[in-house]
Amino acid sequence: MEFIVETSARHVHVTQQDLETLFGKGAQLSVKKELSQPGQFASNERVTIVGPKRELANVSILGPVRSATQVEISLTDARKLGIAPCPIRESGDLEGTPGCVLRGPAGEVTIEKGVIAAKRHIHFNPDEAKEAGVVDKQVVSVKVDYNGRSLIFGDVVCRVSPKYALAMHVDTDESNAAPLPGTVDGEIIL
């Protein structure tokens, strides 16, 4: 089974409370671009991530708002910011992770935890998972081949939910290693 492999650049997820601190009372995220996962979007709103050493400006907030604020960066970004070691985690697994400061046009938010490098993963709805022969949390390898340069990604987590659509996500460091032009096809190797 082939599926798209997308590069997921650095981004932030925020709570409604943190969104209002960053952008003002009553602030709402506005859709800039729909993403491959149903209901998910890149917003027009952007923030600056402030670390102990440096800042990363103009970072996209993905919507909709979430129950916890989370910052997803590459390991290269983490080194630049001075947030090292940065744990590689699945989205939402925030216990024991470092924090940072987020700066918006109306204010700043200090998060005590929530900075991660996202573990590479494939989203499946249940029918797609069944067709691929995988189950939720199963770890697989995925082969990509672009422009005569193939690469096998190991330790890819399968994430299965009726809310998902078939797509794999890697961060910019992983994408550059392949080198992927943004979106390519991948194939599971069991």
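Predicted model: local features only at pLDDT ≥ 70, side-chain atom pairs only at ≥ 80, totals over all residues.
Residues are numbered from 1 along each chain as its sequence is written, and side-chain values use heavy atoms, with hydrogens and water left out.

**Exercise 1.** Identify the buried residues of H1 and state how they are arranged around the axis.

*Solution.* Helices (H or I, at least four residues) and strands (E, at least two) are DSSP runs, numbered from the N terminus. Buried means under 20% relative accessible area, exposed over 50%, and partly exposed in between (1.4 Å probe, protein chains only). By this criterion, Asp18, Leu19 and Leu22 are the buried residues of H1. They lie on the same side of H1 because they cover an arc of only 105 degrees around the axis, taken from the directions from the helix axis to the C-beta atoms.

**Exercise 2.** Determine whether threonine 48 is buried or exposed, and list its contacts.

*Solution.* Threonine 48 belongs to strand E4 (residues 41-50). Its relative accessibility is 15%, so threonine 48 counts as buried. Leaving aside residues up to four places away in sequence, threonine 48 touches Glu55, Leu56, Ala57, Asn58, Val101, Leu102 and Arg103; contact means heavy atoms within 4.5 Å.

**Exercise 3.** Locate lysine 25 and classify it as buried or exposed.

*Solution.* Lysine 25 is in the loop between helix H1 (16-23) and strand E3 (31-34). With a relative accessible area of 80%, lysine 25 is exposed.
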